[in-house]
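Hi,

Here is the two-chain model for your files. Please open it next to this note and follow along.

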Amino acid sequence: MTVKNNAVAGAVKTSHKEPLFHLVKRTDIATWKKWLIRVVAVVIALLIAGIVCAALTGGKNFVKFYSELFSGSLGTVWRLQVMLQAWAILMCISLAVTPAFKMRFWNIGAEGQTLISALAAVVCIIYFGGKIPEPALIMTMLAFSVVAGAIWAVIPAIFKAFWGTNETLFTLMMNYVATQLVLYAVNIWAKDGSGTLGVLSHGSFDKLFGMEYIQNVVFVTLLTVIVFVYLKFFKHGYELEVVGESVNTAKYIGINVKKVIIRTMVFSGVMCGLAGFLLVGGSPSPTVNANLVGGRGFTAILVSWLSKFSPIAMIFVTLLVVFLERGATQAANTMRLGDSGAFVDIVVGLFFLLIIACEFFLNYKIKFRKKEGK
Amino acid sequence: MEKTVALELKNITKTFGEVVANKNVNLELYRGEILSLLGENGSGKTTLMNMICGIYFPDEGEIFVGGEEVVIRSPKDAFALKIGMIHQHFKLVDIFTAADNIILGEHMPPYSVKEEGEKVIAASNGVKPVKPGEKILWGLKLGLKLSALPFIKLGKKLKFDYLAKSRISRIADISSKYGFDIDLKKKIYDMSVSEKQTVEIIKVLYRGAEILILDEPTAVLTPQEIDKLFAILRRMRDDGKSIIIITHKLNEVMAISDRVAVLRKGEHIATVNTSETDEKALTEMMVGKKIELNIERAEPENVKDRLVVKNLTVLNRDGMKALDDVSFTARSGEILGIAGIAGSGQRELLEAIAGLQKTAGGDILYFDPNKGEAEVDLMQKSPVEIRDLGVRLSFVPEDRLGMGLVGNMDLVDNMMLRSYTKGRFVFVDRKNPKELAEHIVHDLEVVTPGVRTPVRKLSGGNVQKVLVGREIAAAPTVLMAAYPVRGLDINSSYTIYHLLNQQKEKGVAVIYVGEDLDVLIDLCDRILVLCAGKVSGIVEGRGAKKEDIGLLMTKLSAKETDGETKEATL
């Protein structure tokens with residue numbers, strides 16, 4: 001009898017209170033719903049950005065923020081060119097990290113790999129600039145960059161493949177090494193003691209084929225096609241996908257996992273090398289400083305993930321990111337929000353935050369408690 | 001005896017997205033009975049029980065405990081209602097002892113200084129003296145009593161936290177009352193599966209559970225251990241506990257339960273008294289149609305030695321022997337069964353043969369029928385080397401979606417796992433794998449929206465058909481299958497048995513690792529029994545006795561650990 005009494009006591013404690021809501025995992029979601037949720041997330045991000053902007057400028061400028069956003073990125077031909085140039089670099093690094101991520105190799109060292117490649121290109125300019133013909137210089141720069149990127153990427157890969165080190169920490173640390181190397185080199189080269197390297201007079205291939213500012217766009221578009229084909233139709237692409245999905249399966253069908261890890265990271269590093277080369281040579285004012293890559297190595301990781309490792313989706317995600325970056329930069333300039341880039345970081349950060357958070361609603365449905373009287 | 005309802009479910013419905021796991025299920029459980037919950041995999045048994053235990057919350061319907069409607073929102077609520085569940089995967093802390101695991105998470109009975117103080121004051125007020133002199137003394141006494149209360153609380157807390165003795169004696173009482181055979185001071189990592197299960201059951205009883213739910217408790221036990229468990233369950237029933245046991249093994253249902261509730265595709269089909277039904281009727285209710293439960297076993301023809309394993313020894317990661325001096329022969333046209341308690345070296349054996357496991361000694365020899373039975377040494381060869389030697393070895397691993405297939409890839413890409421190297425130049429060829437996928441979908445009646453669907457979206461049975469189909473398509477001479485029917489419904493299981501038999505009749509040497517002894521005895525020509533990495537016996541499949549195999553499965557451990565843990569094997 002005591003048993004029953006206790007049971008009743010328990011029932012009283014929890015009596016008739018259904019939880020207010022509970023989460024139900026979705027198995028499937030209609031495509032239009034998926035896109036609606038994402039668009040709503042972007043709209044909310046922009047709304048919050050507008051409110052932040054208004055708050056920073058004393059309650060005005062809410063509408064002006066949006067007009068600046070568009071005019072800053074698309075307003076003039078020149079601005080459009082700058083945006084596309086920025087697109088090319090971010091896209092190139094995003095493509096570079098994608099094969100590694102598809103293999104579940106958490107390479108967060110694209111920043112350092114790109115920076116060290118840029119440094120390699122500048123080394124060529126400093127030591128060979130003016131001494132050999134310009135086309136030969138450009139080709140040497142390319143070779144140096146690509147090799148430097150590959151080396152920087154393959155070191156953590158070798159350690160991972162043979163000794164199972166943690167690639168996340170390893171690649172992160174390699175970033176700092178690259179940054180310090182650049183600071184060191186610039187200090188040697190900057191003879192005026194300012195610690196900054198001015199614009200170099202050699203090594204720029206801007207205006208190549210008569211294209212001003214957008215020759216990088218052409219190269220990166222070509223690279224996009226190559227990466228797409230590599231991942232989708234090459235045996236290599238298939239192998240790295242299997243390794244990423246399950247190392248056990250890879251071993252079971254006889255894939256040499258070590259080889260695939262190293263090979264893929266070399267490929268990844270080569271593409272970072274190309275990005276570093278384009279950053280220096282593809283600019284009308286070639287130079288290097290520790291901030292040259294400017295966090296794009298990390299932004300690229302988010303871009304790659306958001307695109308679900310699809311090079312085609314990446315084109316659009318990257319476009320959206322650089323659109324926000326350029327637009328927010330313009331807004332910050334005209335509204336005197338400081339030139340530290342902090343406001344740009346706020347806007348782009350809000351975008352990423354909301355777009356990642358909305359994944360939750362793609363995976364779960366919220367069911368509210370039904371009305372009383374069931 | 002009059003029956004009182006311990007637990008009642010009314011119109012319980014639970015959906016996961018599009019999938020309806022339970023639909024309008026009604027169920028009654030009486031005090032002092034054992035109810036079997038019978039159903040195929042995916043019929044919603046575990047989901048239903050998880051709702052009683054507060055892990056899931058029902059979308060619709062009501063739950064009554066002891067006649068009162070209750071809302072169970074968390075396992076804590078379930079515990080307050082004296083409901084305890086023993087899950088299929090044990091939830092124990094490995095480095096703790098049995099006793100520690102049992103008392104883990106228990107709270108001290110509440111002791112409020114304020115309330116106790118009020119009681120003391122009330123008691124003192126009753127004997128309040130009138131004389132002023134005595135009044136002072138009385139006041140002092142009261143003050144002393146009140147100021148002692150925090151210390152009493154501290155004492156109780158210390159006793160509870162650091163002097164667990166009283167509780168261990170309580171555990172021992174429960175243990176002896178129901179006849180559990182357990183050493184409470186033993187660490188979990190030293191325990192066998194059966195012992196771990198015992199700890200889980202005692203834990204639930206210690207918490208005062210009146211309703212016990214056991215999720216497939218026999219899946220990991222030997223026949224002898226099952227008998228022991230059933231004896232304990234019967235004793236608990238006679239003590240007035242209500243027990244629900246989830247299972248899909250019919251003979252066990254008949255042996256242990258008073259009543260059987262059958263679920264099919266999330267719906268409650270019927271609840272019947274065990275004494276008034278038989279296995280055939282239950283199967284029909286469970287599957288929904290008549291089904292033939294016989295495995296046709298042909299006599300082996302044209303038998304030749306195909307794979308000879310000699311004195312094979314494999315070390316595991318800790319340097320312990322996972323396989324110790326294993327020798328046997330697999331012959332063409334024959335199914336060789338491998339029996340043993342889970343983790344007795346079955347996985348290491350198959351992986352060593354497939355070239356996925358480093359070996360420490362011995363020999364693996366293959367006799368190639370396409371090269372006039374020429375001898376090929378497979379020792380220390382990688383899967384690629386084995387393939388390049390022309391050895392047609394197919395392997396259906398235990399871990400289907402973690403090793404045999406890639407869950408996120410579609411059927412075509414999964415076919416490609418075996419053939420992607422054949423593509424032209426650097427490009428993969430998706431045309432032939434696509435044809436193969438379509439072929440398998442058609443021939444084995446795989447239920448899938450298309451060959452471009454990721455395999456993880458397929459049901460367990462269909463996943464297995466895809467895997468077995470691919471491995472058979474390679475026209476093997478040796479086919480190894482590890483637990484190929486685990487988690488499959490009856491129909492799919494029989495499809496797999498049929499496929500294995502077909503391969504045997506084609507002259508393939510089939511090695512089948514199984515856990516259901518009845519099936520092993522019905523299907524295999526010979527059965528090799530592994531015990532702690534050693535071969536404890538090879539018996540003929542025809543006429544083999546379940547009890548004998550069960551003994552062989554535990555035999556070696558009895559010999560080896562002589563004296564130390566004698567009672568554990570009794």
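**Domains of chain B**

The centres of domain 2 and domain 4 of chain B, taken over C-alpha atoms, are 77 Å apart. The assignment for chain B lists domain 1 (5-82 + 210-287), domain 2 (113-162), domain 3 (305-392 + 477-569) and domain 4 (401-474). Those bounds come from an automatic or database domain assignment.

**Ground rules**

This is a predicted model: local features need pLDDT of at least 70, side-chain atom pairs count only at pLDDT 80 or more, and totals for chains, interfaces and linings use all residues. Residues are numbered from 1 along each chain as its sequence is written, while chains are lettered from A and ligands numbered from 1 in the order in which they are written.

**The two chains**

Chain B has 20 helices and 20 strands. Chain A has 15 helices and two strands. Helices (H or I, at least four residues) and strands (E, at least two) are DSSP runs, numbered from the N terminus.

Along the principal axes, the C-alpha atoms of chain B fill a box of roughly 115 × 55 × 50 Å. For chain A the box is roughly 100 × 65 × 40 Å.

Of the 570 residues in chain B, 40% are buried. In chain A, 40% of the 374 residues count as buried. A residue is buried if 20 or more other C-beta atoms lie within 10 Å of its own, exposed if 12 or fewer, and partly exposed in between; the C-beta atoms are placed from the backbone.

Now contacts. Two residues are in contact if their C-beta atoms, placed from the backbone, lie within 7 Å. Take contacts between residues at least 6 apart in sequence. In chain B, 69% of these join residues at least 24 apart. In chain A, the share is 78%.

**Where the chains meet**

Contacts link 38 residues of chain B with 32 residues of chain A. On the chain B side, β5 (68-70), α2 (75-80), α12 (383-388), α13 (400-404) and α14 (411-419) each supply at least two residues. By class, that side has 21 nonpolar, eight polar and nine charged residues. Here Ala, Val, Leu, Ile, Met, Phe, Trp, Tyr, Cys and Pro count as nonpolar, Asp, Glu, Lys and Arg as charged, and the others, Gly among them, as polar.

**A sheet in chain B**

Four strands of chain B form an open sheet in the order β12-β11-β14-β15, with antiparallel pairing. The edges are β12 (321-331) and β15 (374-377) of chain B; each has a single partner strand, so one side of each is left without a neighbour in the sheet. The twist averages 20° from one strand to the next. Strands pair if DSSP finds at least two bridges between them.

Strand β14 (residues 361-368) of chain B is joined to β15(B) by four bridges, and the two run antiparallel. B:Tyr366 has B:Val376 in β15(B) as its bridge partner. The hairpin of β14(B) and β15(B) has five residues between the strands, and there B:Gly372 takes a positive phi near 60°.

Helix α11 (residues 346-354) of chain B lies across β11 (305-315), β12 and β14 of chain B, at about 65° to β12(B). Axes are lines fitted to C-alpha atoms, for helices over the stretch in contact, and angles run from 0 to 180 degrees between N-to-C directions.

**Backbone points to check**

Most residues other than glycine have a negative phi. Which phi does A:Arg104 have? A:Arg104 has a positive one of about 55°, although it is not a glycine. A:Arg104 sits in the loop between α4 (77-102) and α5 (110-128) of chain A. With 14 other C-beta atoms within 10 Å, A:Arg104 is partly exposed.

B:Glu216 also has a positive phi, near 40°. B:Glu216 is in the loop between β7 (211-215) and α8 (223-238) of chain B. B:Glu216 is partly exposed, with 16 other C-beta atoms within 10 Å.

**Helices in chain A**

Helix α13 (residues 311-334) of chain A has 24 residues. From first C-alpha to last, α13(A) reaches 35 Å, close to the 34 Å expected at 1.5 Å a residue. The expected span is 1.5 Å times one less than the number of residues. After α13(A) comes A:Arg336, with a positive phi near 55°.

Best wishes
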